[in-house]
Amino acid sequence: MKEFVFTSESVSEGHPDKVCDRISDSILDAFLAEDPFARVALETLATTNKVVLAGEVRGALTDAQMEDIAREAVRQIGYEQEGFHWKNLDVDVYVHSQSADIAMGVDSSSSKEEGAGDQGIMFGYACRETPELMPAPIQYAHRILHELADMRHNGLSILGPDAKSQISLLYHDNKPVKATSVVVSTQHAEGVTAEEIREIVRPIVLRTLPEGWMCDEKDFYVNPTGRFVIGGPDGDSGLTGRKIIVDTYGGMCPHGGGAFSGKDPTKVDRSAAYIARYLAKNIVASGIADKCTIQLSYAIGVAHPLSIYVDFGDHTRIDDAYEVAKKIGEIVDLTPKGIRTHLQLNRPIYTPTTAYGHFGRQPGSNGEFSWEKLDLVETLRSEFAHLLIHA
């Protein structure tokens, strides 16, 4: 389409589902800190003053330690309200040992390579809409909530932890040109008016969007119900992994369906999605294409991907995407072990991923967001120079 409107949403660290992601990945990080090769598949449910942990693990943490980590995660998010308080909530732990059948398929031995932990398809994506090589709607939606959270953590006590944003952008010739609507809802203290919240949110949105992109005032919605005091798991239950589109690309590209949080990096739902993003981002940064979608597929117990698919759409300067798909599996080892080694994923680096997106973030000094590095660009340029259309 020559012209269209595309919408993406984000949710804050205090959204019920994100509370659960935070707890699950905080516990995962604790397991990995004790043993880099721990196995964790941990789900969290949260509701009014209740957290339930379930799943299977292979590692050294006790139920009591997992409970303490869950409480600390809730405290750091900032929940000290009557219906959900880190100190008073009940924590039930139903975590057991990893299935021997799954372990048999994943563990390496003298006769076979380490296999994938499950079957599935994973996607990675990158484009030139933002400096982070992310789709603009989701990236701007994340930024608004991240700044709101920073203001709250820095003392703006009238704001609560639970918040959502949604941005609709007008595209012309496949490029975003302005916002057609902006929606921001944030939990707040009793007695605070919608207009007061609006005056806090408006400057953040103006700073976030490029100059001249702000929507008309009538299409700028802040706490449109007029009141948002009850929030978080007291207002709605939460589950780990229920915000997979928020976690990735805001719906701009396909999604395989697997969630990330609570899963150690032997699970290709997580690690293969990270390497797919890494490859797509480096391809776009190399100048081969302006957009890139990559799909990887795996079978449980099988080490190598069953398929590698690359799509540049109409935004490519290269002659043969299929040739790229064949080659990238030679450039980077796409077995589960190869992915973990290349991105150094067997580290406690996952808690920061649990809000404001797993992608489009800055690589951290402790190895966080290693899949966002652009260290493959020159290799890709050299490898595929002969396929460039202008060559």
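Let's start with a polar contact: the side chains of Ser24 and Thr240 meet at 2.8 Å. Keep in mind that this is a predicted model.

**Around Ser24**
- Ser24 sits in helix 1, which covers residues 16–34.
- Ser24 counts as buried because its relative accessibility is 0%.
- Its side chain also gets to the backbone oxygen of Leu42, at 3.2 Å.
- Leaving out residues up to four places away in sequence, Ser24 touches Leu42, Glu43, Thr44, Thr240, Ser261 and Gly262.

**Cysteines**
- Searching the whole structure turns up 0 disulfides.
- For Cys292, the closest cysteine sulfur is in Cys253, 10 Å away, so that's too far for a bond.
- Cys292 is buried, at 0% relative accessibility.
- Cys20 is buried too, with a relative accessible area of 0%.

**Cavities**
- There are 2 cavities of 30 Å³ or more.
- The largest cavity has a volume of about 120 Å³, and of its 17 lining residues, Phe123, Thr248, His255, Gly256 and Phe260 are the closest to its centre.
- Strand 7 (120–127) gives the largest share of that lining, 3 residues, and helix 7 (268–285) supplies at least two.
- Sorted by class, the lining of the largest cavity has 9 nonpolar, 7 polar and 1 charged residues.
- The second largest cavity holds about 70 Å³ of space, and helix 4 (136–153) and strand 8 (159–172) each give two or more residues to its lining.
- Among the residues lining the second largest cavity are Ser12, Arg152 and Tyr356.

Technical notes. Residues are numbered from 1 along each chain as its sequence is written. This is a predicted model: local features need pLDDT of at least 70, side-chain atom pairs count only at pLDDT 80 or more; totals for chains, interfaces and linings use all residues. Side-chain values use heavy atoms; hydrogens and water are left out. Helices (H or I, at least four residues) and strands (E, at least two) are DSSP runs, numbered from the N terminus. Buried means under 20% relative accessible area, exposed over 50%, partly exposed in between (1.4 Å probe, protein chains only). A polar contact is a pair of N or O atoms within 3.5 Å; within protein, one must be able to donate a hydrogen and the other to accept it, and residues adjacent in sequence count only if both atoms are side-chain atoms. Contact means heavy atoms within 4.5 Å. A disulfide is a pair of cysteine sulfur atoms within 2.5 Å. On a 1 Å grid over the protein atoms alone, a cavity is a set of points where a 1.4 Å probe fits but cannot get out, and a pocket is an open set with protein on both sides within 12 Å along at least five of seven lines; lining residues have an atom within 4 Å of a point. Grid points are joined across faces, edges and corners, and a volume is the space filled by probe spheres set on the points. Ala, Val, Leu, Ile, Met, Phe, Trp, Tyr, Cys and Pro count as nonpolar, Asp, Glu, Lys and Arg as charged, and the others, Gly among them, as polar.
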